[in-house]
Amino acid sequence: MGIFKIEGGHKLKGSIQPQGAKNEALQILCAVLLTPEKIEIKNIPDIIDVNKLVSVLEHLGVKTQKKGKGHYIFQADDLDLSYLESELFKQEGSSLRGSIMIVGPLLARFGKGYIPRPGGDKIGRRRLDTHFEGFIKLGATFRYNREERFYGVEAPKGLTGTYMLLDQASVTGTANIVMAAVLAKGITTIYNAACEPYLQQLCNMLNSMGAKISGVGSNLLTIEGVEALGGCSHVILPDMIEIGSWIGLAAMTRSELTIKNVSWENLGIIPDTFRKLGITLEKKGDDIYIPEQDHYEIQSYIDGSILTIADAPWPGFTPDLLSIVLVVCTQARGSVLIHQKMFESRLFFVDKLIDMGAKIILCDPHRATVIGHDFQSMLKATTMVSPDIRAGISLLIAALSATGTSTIHNIEQIDRGYEHIVERLQGIGAKISRIE
């Protein structure tokens, strides 16, 4: 287990390039299972979660060829489906939540898909009903081995298109169902579909492979099934969660930073949400420029009431950035209510911030009120444990702004989502080191 040692209180300066999007990469990698032809993917992030999924694909028989940094060619022309019922798969698949998305492509192409109960962040219940209800509506038979916690779906005669209204706009659920439906007979209509940019990227990639998906970018997708899909080349978007993390880092450390090549058109309301906190950020070409700011003041609503920042399905504010926003508000001028609607355990890291001197009232598992210090009182260094990816990066940002030297344990959680973070932060002047 590694530890981050962080000397806080230093201003940063320079530019930082966001990695490829973790959440898109997990979907796109699973889609290579839909065709025996070669798939070229660029801008794949070098992070634990993505590398684990690549390992699962390789053990399944997918040929992988690394062409350069983040640049791979995959070919799933000779798969070993017996791996799906092996002890190794039960071990590998259960450690990664994104592994659930191999089920849709395998079900579509081979008539069966299996998965152990996936792992991932401990941020509350993240049920899989949406995935399997979608497969069942397409004609699959569902089975669950309760003793081994192993899920399976089978459709030996193939899938048939249908209409479905999803009970929740699940991103991975929508992705999984779309990948199953592209090879189904007839037309599938998915209402209340997720429409995040990463889901749009998946649909556009599938269309370039020969799928017939319309309504991309909306919550109503229509998929006309085809008999087979071909190869393609695809470039993964920059990671919007990392971009938001670096905006928060610049504000908390009162630093001048440029975030390079952010794909502005795919950031939605993320820039404006940080502007509501009083953070100045400018669009320079496809970069975000954040000047050095001594203060930032949270806006109130028009009637003078306290601002609420809440998560919502796209195009609402992504839940993955609420932890970052909460930390940023600890040094703002003013107060804010953070409302985490989607996960009931994601705010439980605030006790670490309170230990550092932050003024936070945890109202209930979903809501926290933050009273900002306005830099009149700095956070104090402490020893912390990272409970999940986003809380981990939030605690890291807090430590970089704090007075003194902090240590963060369980940093594997941060490594799951952030590529070579020590070296990249050192490149903009951060005093951080990794101790194995």
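Which residue in β16 is the bridge partner of threonine 258? Tyrosine 289 is the one, and the views below start from there. This is a predicted model, where local features need pLDDT of at least 70, side-chain atom pairs count only at pLDDT 80 or more, and totals for chains, interfaces and linings use all residues. Residues are numbered from 1 along each chain as its sequence is written, and side-chain values use heavy atoms, with hydrogens and water left out.

**View 1. Strands β14 and β16 side by side.** Here β14 (residues 256-259) runs antiparallel to β16 (residues 287-290), and three bridges link the pair. Strands are DSSP runs of E with at least two residues, helices are H or I runs of at least four, and both are numbered from the N terminus. Two strands count as paired if DSSP finds at least two bridges between them.

**View 2. The open sheet around that pair.** Four strands line up in the order β2-β14-β16-β15, with mixed pairing. At the edges sit β2 (13-16) and β15 (282-284), each pairing on one side only.

**View 3. A cis peptide bond.** Tryptophan 314 and proline 315 are joined by a cis peptide bond, with omega about 15 degrees. Look for proline 315 in the loop between β17 (307-310) and α10 (322-329).

**View 4. Asparagine 43 with a positive phi.** Although not a glycine, asparagine 43 has a phi near 70 degrees. You'll find asparagine 43 in the loop between β3 (38-42) and α2 (48-60).

**View 5. Asparagine 410, also with a positive phi.** Not a glycine either, asparagine 410 has a phi of about 60 degrees. The loop between β22 (405-409) and α13 (412-415) holds asparagine 410.
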